[in-house]
Protein chains: 2
Amino acid sequence: MSAASDSVPRGATAGTPAGLVTPQRLAEFFAPRSLALVGASDTSGWARFILAASSAVGYSGPLLPVHPRHDTVFGLPAVPSLRDLAEPPDLAFVLAPTAAVTEVLEDAAAAGIRNVVVLASGYREAGRAGRELEADLVARAASHGIVLLGPNCLGFLNTGAKVAPFALTVPLPLTPGPVGIALQSGALSSALLAFARSQAIGVSTVASLGNEAMISTSDVLDYLIADEQTKVICLFLEEIGDPASFSAAAQRADQAGKPIVALKVGVSQAGQQAALAHTGAVAGDDAVADAALRQLNIIRVASIEELLTTASLLGYQQVPRGRRMGVLTASGGACDIIADRASAEGIEIPSFADSTTEAIAAHLPSFAAARNPLDVTGYVLANARTSPLTAIDHALDAALADPGLDFVIFTGFTVPEARPADERLAELLESRIGWLAERVRTAPIPAIPLSLTCVDIGPYARDQLLGHDVHLISGMDLGVEAIGNALRWQERRGTVRQLPGRRPPLRAPAAWSEARARSLLDGAGIPVVPGQLAHSADEAVAAAHAVGRPVAVKISSAAITHKSDVGGVVIGLHGDDEIRAAYARVAAAAVSTTGAIAGDPAGEVLVTAMRNGGVEVLAGVTVDPNFGPVLAVGLGGVLVEVLSDVSLRVLPVGADEVARMLGELRGLPLLTGARGAAPADLDALAKVIAGIADVAVALPGLQALEVNPLWVSGDQIEALDVLVVTDEIADEEGEPDR
Amino acid sequence: MSAASDSVPRGATAGTPAGLVTPQRLAEFFAPRSLALVGASDTSGWARFILAASSAVGYSGPLLPVHPRHDTVFGLPAVPSLRDLAEPPDLAFVLAPTAAVTEVLEDAAAAGIRNVVVLASGYREAGRAGRELEADLVARAASHGIVLLGPNCLGFLNTGAKVAPFALTVPLPLTPGPVGIALQSGALSSALLAFARSQAIGVSTVASLGNEAMISTSDVLDYLIADEQTKVICLFLEEIGDPASFSAAAQRADQAGKPIVALKVGVSQAGQQAALAHTGAVAGDDAVADAALRQLNIIRVASIEELLTTASLLGYQQVPRGRRMGVLTASGGACDIIADRASAEGIEIPSFADSTTEAIAAHLPSFAAARNPLDVTGYVLANARTSPLTAIDHALDAALADPGLDFVIFTGFTVPEARPADERLAELLESRIGWLAERVRTAPIPAIPLSLTCVDIGPYARDQLLGHDVHLISGMDLGVEAIGNALRWQERRGTVRQLPGRRPPLRAPAAWSEARARSLLDGAGIPVVPGQLAHSADEAVAAAHAVGRPVAVKISSAAITHKSDVGGVVIGLHGDDEIRAAYARVAAAAVSTTGAIAGDPAGEVLVTAMRNGGVEVLAGVTVDPNFGPVLAVGLGGVLVEVLSDVSLRVLPVGADEVARMLGELRGLPLLTGARGAAPADLDALAKVIAGIADVAVALPGLQALEVNPLWVSGDQIEALDVLVVTDEIADEEGEPDR
């Protein structure tokens, strides 16, 4: 984490020509059949790691050490330079120090090498000089048609291609499987692989992304989407450097049915948005990233354990078609724990069908009840020595046929550490495992085996489970959480749209007068509460009669953003005299605050109708430096200001997505009729808000557009107050009629 | 789900004489030196489990099978009845079926046996006949001076006394240690022991509580508090059957400095159903149980993993004296994950002192920054083959001396699965482990080693860690969560008070008139907004002048609880004519609704002053069937009604605890000056609310006492509206002046 002023987001190095890093090139890059290790020596820990990783994946191709001063490295013959190799290897892994990397790259080009990994650090992460060095590296590689991973990265491993130019410990055994992993913190991959190993979770490609000078997170996403072995993608993200290409890749993943699960850190970093509008205060960096991930149907998780458990569920299991869960356990306590966890995830545990209850009851002791969640009781365990099948197995058969369930979880698939010494018991056990595995494979709905807690799958269990192509999910807590994640992914499929991405830095802001802001919305067909400008007390009275009383009388001036603070707002006015007096006070406040003379646009007075009852909504758009315009929707007043009860989306969004935003608000009951109010027309409200967002997105130099409140009463919707802020320069150039 | 009328909570069997289940008797009960197994046979799975468990704990005393039809059991000589034993064993474990239990108990008594475990089910959880059977069992045991665990329980194991009359699988190896465990779902103990084994967490006594016919959860708590080996207590709770004794035990635990960690299920309705099915007991309202656990300084957790990780931290580590954490890792990604998790727990990661930074920097590569959280970088790992100490070790030394830190967590204590084959490496490693262990033992502040993820501690690591008396916490996610739990426990110590516990069932309710309810508060010194009864329009006007305008005019009648619904409230009245008119309307509404004549107490009219500005608070007391009177505090209006933003406590509480309740409200900023209001005097507010609670607790036949709103503006506090409901019969008997 370097200082903010020093840091440039990933994926921002200019110089990679379009068409160099293609999916075809990456498929080649991640499956080299020969490797050179440049800078490897017998004392290099990095090289030792690469050798061990190569052995872990069963690599059988050539490993060609290159070192200026050693004849042999780890017993292998070495050459002084890449130029001395007889044939170009498919990939060169450069372990050489930073100062030597440029020369090595030239050597690689001269040797005809097309793919390079650079481990050295001291580039973009090391300030201005490092950034220049990195730009030079990229330009040089590009000019030679070389595709480069890194610098400041630990390489990758690919279990399908059995190759591992990967300079980090790989816990053994490493299981090939459906989970592809890309990390912005390479050193963390050992931790991920250790947990994957402990739960027998198989991986496809694991890539450390480093500085992403050329190959970006989005590129690796595209590679993993195209990779046949990969069924689900895990990301460790410190930032989303290039929202446009990242979101395009996420959209392709969604279309391809490959879920992405992301551990995105940075929750604790304070938001850096200046808070001119309310919206800016609630749209902090992490909140916007969180919204973006949700829009991209990327499952955001909070721990490595949740990341890999969710991925393993999605990689090994069919996703349930709905939320109705059957639960089979051998402990009432386990039923309770699962039920609590399911409730938190919005997963239902409906009653069994009568036929299911009957079928299960036939295998239970008389004192046990055949209900969902099912506790077959410890009695069953204590008496399971004569048949390979226990009551939980029979119950599984029955529950999988229940028409009212979408999936079944069961905790009866625990395999002991070691094969039982008693051969008869061992045979019974293995016969039961085979029977269960067959049931899981052929089940009409997903049958998901869970362990009770997150403990390692031992060697015997690993062999038995892998041998039967069954995957056991790691414990009730992580397991039910993973199911919740998978269901949400399933439910959001098909809604992913590309995001526009980074905006140029904001310039000096200029606030619009309220009258001008109202005209902007009105001109776009957004309903705005009736109002008229008044330039005299008489005009104010006339305006009040025209718009309907009671009215508010307020300053409309580009020069005054906090009009209440200067006495520029009077509300609840009925009588003509009241209105005249209010006009005089407000006009005087405007003149004294702005120095304008009465009638000047800087000192104009606006008379608007007031609304009673109903619910006040906030609909605001601000501009995130990384993601561009962001829409915030919340319920006005206390809920937004005190509880930050808002839903965010990166724009553009349609009305359907705005409807989902409304559905996320804790205060939603206020809109659906709590406290005796008429239920709001949520569809109409979503359309109006989507329209406001469209106006904001189309506005040149947008900095903020906030309607607060947007008043809703049944199907009546009106913007009561509007704030618009744009770049001063855009404002001056684009709007001569100010 | 059985009908509520069928279920009786645990600990509610009458018949156990006071003085039978004493701490002394329980110390004897849980450490028997000889065991009889009644009903054991070669085909009994239960008996097989007991033999295996006995072997797991190293039991060396006699195991005496008793069976009416077998001469030998598992190769041991058996006798037909307990009466045939030469000497009474210290404890008899009764595996016999329900129908035989009574006879076995008589045999035990005749043989002079003092302690019995009963496994059979079919008692309280099985309806009325079962309840009678259980009462008979208890009465019989008590009459013989026998202490009984169960029925419907799986027994216990005690690693200190090396005895295990425990009819469930014990995963091996079983490590003796500081964690005592009591479970209301015995079958779950295998899952707990499996996780404890995987993390090398040592246990003292593990007890399955069953129906708690005689030995209750509270009794076992008291035993564990007195047990020297036990440093921390884990509970799995389906219900808190007897709040009075449970809370008294929790208070003793707090005083003794033994933390209690509880996995209490029943958050979801489905969970409550499962609890009912399993134990035949009523689960109380989860929110009240949650409040009670917080008051008792019992750490409530959501999973088995969190339960045992928190307990292991508390059992093996000194609790940090504050929230300032140093973080040492070998991965920037790990730093980010820990920082996010710490932020969620309210744990600070302050900058290192300059001296710490200098000391650490000396051991880092030049490109790595010596800041908190510290990433010593993978470079260090790759170059750690020449000295036993790595940069993370030197950093540990420096950080432990930092005056600005309260504790340090570090992820550098990971030990490989097996001893390295290279003897030099193995010696370096073991030398390093010894060095680290010494640092952890002698550190001036807690030094807490964490693994990166929740993976098993392998056999070699277990030996190394146990050999050096070091405990490794299970992963960053669970680890930082456990630290947060421990800090909260530490901060709440000394605040635990006993709870009164169950109230008799509520009877027919009687609501009081508002005037009478106001008098009740006023008489107790609670500030009530000025108000007067009026029996005519003239009196209403006089009252308005006396209390100060604007006023509200409303019905004050015991017969009308929803006075707004019948037109019985008019608000915002200034002028005398308005007040006269309002009186007429309200009095008419009272008369027409109640049939009273004007002036009758049923048709009285109350004139109260109105208050503007400020914040409205809800302070209400209701009666929970299990815990008795419960105080709810929230901010009025939307926050309570829509967001359920309330804090609960079982009564009685002091003003200090009410202040903590206010601090828990999400809407707290409204009281501390958000939205421009004057900050409320929270101490004064807490005192008033505590006074209201005291009035409620002292009220005979209390059903509800609610002040809504309690108006707060700066240091002005007044009850604006008061509702009191008591048992009709208490009301009639106790209050003749109604």
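Predicted model: local features only at pLDDT ≥ 70, side-chain atom pairs only at ≥ 80, totals over all residues.

**The open sheet and its surroundings**

Reply: Strand 16 of chain B, residues 407-410, is joined to strand 17 of chain B by three bridges, and the two strands run parallel. Strands of a sheet pair through backbone hydrogen bonds, in either a parallel or an antiparallel manner. The sheet in chain B is open and has four strands in the order 15-14-16-17, with parallel pairing. Its edges are formed by strand 15 (374-375) and strand 17 (447-449) of chain B, each of which pairs on one side only. Helix 11 of chain B, residues 332-345, packs on this sheet and touches strand 14 (325-329) and strand 15 of chain B. The direction of helix 11 makes about 155° with that of strand 14 of chain B.

Turning to the contact between the chains, 67 residues of chain A are in contact with 64 residues of chain B. Several elements of chain A give two or more residues to its side of this contact, among them helix 2 (45-57), helix 5 (189-198), helix 10 (304-316) and helix 11 (332-345). Helix 11 of chain A provides the largest share of that side, ten residues. By class, the side of chain A that touches chain B has 38 nonpolar, 17 polar and twelve charged residues.

Terms used
Residues numbered from 1 in each chain as written. Chains lettered and ligands numbered in written order. Pairing = 2+ DSSP bridges. Contact = placed C-beta atoms within 7 Å. Axes fitted to C-alpha atoms, helices over the stretch in contact; angles between N-to-C directions. Nonpolar A, V, L, I, M, F, W, Y, C, P; charged D, E, K, R; others polar.
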